[in-house]
Amino acid sequence: FNIKIDDLELQDELGRGAYGSVRKAKHRSTGVVMAIKEIRLELDKTKLSGIAMELDILHRAVKPQIVEFYGAFFVEGCIFYCMEFMDAGSLDKLYSPTFGVPEKILAFVTRNLIIGLQFLKDELQIIHRDVKPTNVLVNRRGKVKICDFGVSGQLEKSLAKTNIGCQSYMAPERIQSPDSGVHASFYTVSSDVWSLGLTMVECARGEYPYSFSNVLAQLQEIVKGPPPSLPSNYSDTAKDFIHSTLRKDPNARPQYQELLDHPFLTYDEEPDVLKWIEDALRAKHGEWQRYQRSIRLRAVFSD
Ligand code: ATP
Ligand code: MG
């Protein structure tokens, strides 16, 4: 359906990214609760309508493993991108350094992610280009879905100028092309496989696996250093799977179908995903409360 700004009752902010904020909103006439991403772009009318046309392909990205797209509209140089609201948030809200994602759940999440990525590639010829924990969303019915994939070249170009994150999920070949050392312009599906592997390691460890305060040192380590790996308590099957996704040579990384056929993902017993989500949300909430308390205590003592 066609959405306009006046149809929406804007609610809490769900998060903030490098390009704008995401807010919960209710569509007044239908009562549908959605997430609205607002991206500020100083572009002229023709560029904006170009982006709108490119975004249209999203209406064809209908799959249980992909966050549903409801539509987009423009107000004063901003894009408002409307999508399905995922009430357990992004993956990064479901782990911490004290509790990583357990192996069986990790396999479940990975399987869903790959099914989504494979669909994008095979049915829509789309490479995701931004696989990372904040772009994997979960809801309390136990569904895991991907979002924020690169459908609009025009939009990508307008965003690229400001983009330099402090945690990189870029594959080594994207960071450094062998001849020039500058950002590689080519991008293949195997670069997404690397980002997927890195995302999985982060989930298991509960934190981003590269630890460098400075961005350049971190990028250097991704290119030159050994790839990160799972904690020692994960099975050899899981380690073998992750290891294959994080090969430095992009051509040596498996294709999606090979990954789906790997013993790590061909389990027959479904894990208790609902319980994991509730436990993880509660644990994260507890950590947040303890943190707030420590801030209050510190304030009391410094008075
Ligand atoms: P980056 O800007 O580097 O891509 P990001 O993915 O965190 O980082 P956004 O895509 O703007 O940035 O999203 C901000 C946050 O909003 C996310 O981390 C996620 O927690 C939350 N979020 C995004 N989309 C939804 C959604 N559909 N439902 C619920 N929460 C969402
Ligand atoms: Mg995102």
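Lys 24 stands opposite Ala 35 in strand 3, where strands are DSSP runs of E with at least two residues, numbered from the N terminus. This is a predicted model, in which local features need pLDDT of at least 70 and side-chain atom pairs count only at pLDDT 80 or more, whereas totals for chains, interfaces and linings use all residues. Residues are numbered from 1 along each chain as its sequence is written, while chains are lettered from A and ligands numbered from 1 in the order in which they are written.

**Strand pairing**

- Strand 1 (residues 8-16) and strand 2 (residues 20-27) run antiparallel and are joined by 6 bridges, pairing being assigned if DSSP finds at least two bridges between two strands.
- These two strands form a hairpin with 3 residues between them, and the bridge partner of Arg 16 in strand 2 is Ser 21.
- Strand 2 is also joined to strand 3 by 7 bridges, again in an antiparallel arrangement.
- The hairpin of strand 2 and strand 3 has 5 residues between the strands, and in this hairpin Gly 31 takes a positive phi near 80°.

**Lys 37**

- Lys 37 lies in strand 3, which spans residues 33-40, and an unreviewed UniProt entry places the feature "binding site" at this residue; such annotations may be inferred rather than shown by experiment.
- Lys 37 is buried because 20 other C-beta atoms lie within 10 Å, the cut-off for buried being 20 or more, with C-beta atoms placed from the backbone.
- Not counting residues up to four places away in sequence, Lys 37 touches Gly 20, Val 22 and Tyr 81, contact meaning that the C-beta atoms, placed from the backbone, lie within 7 Å.

Notes: Helix = DSSP H or I, 4+ residues; strand = E, 2+ residues; numbered from the N terminus. Buried ≥ 20, exposed ≤ 12 C-beta atoms within 10 Å, placed from the backbone. Contact = placed C-beta atoms within 7 Å.
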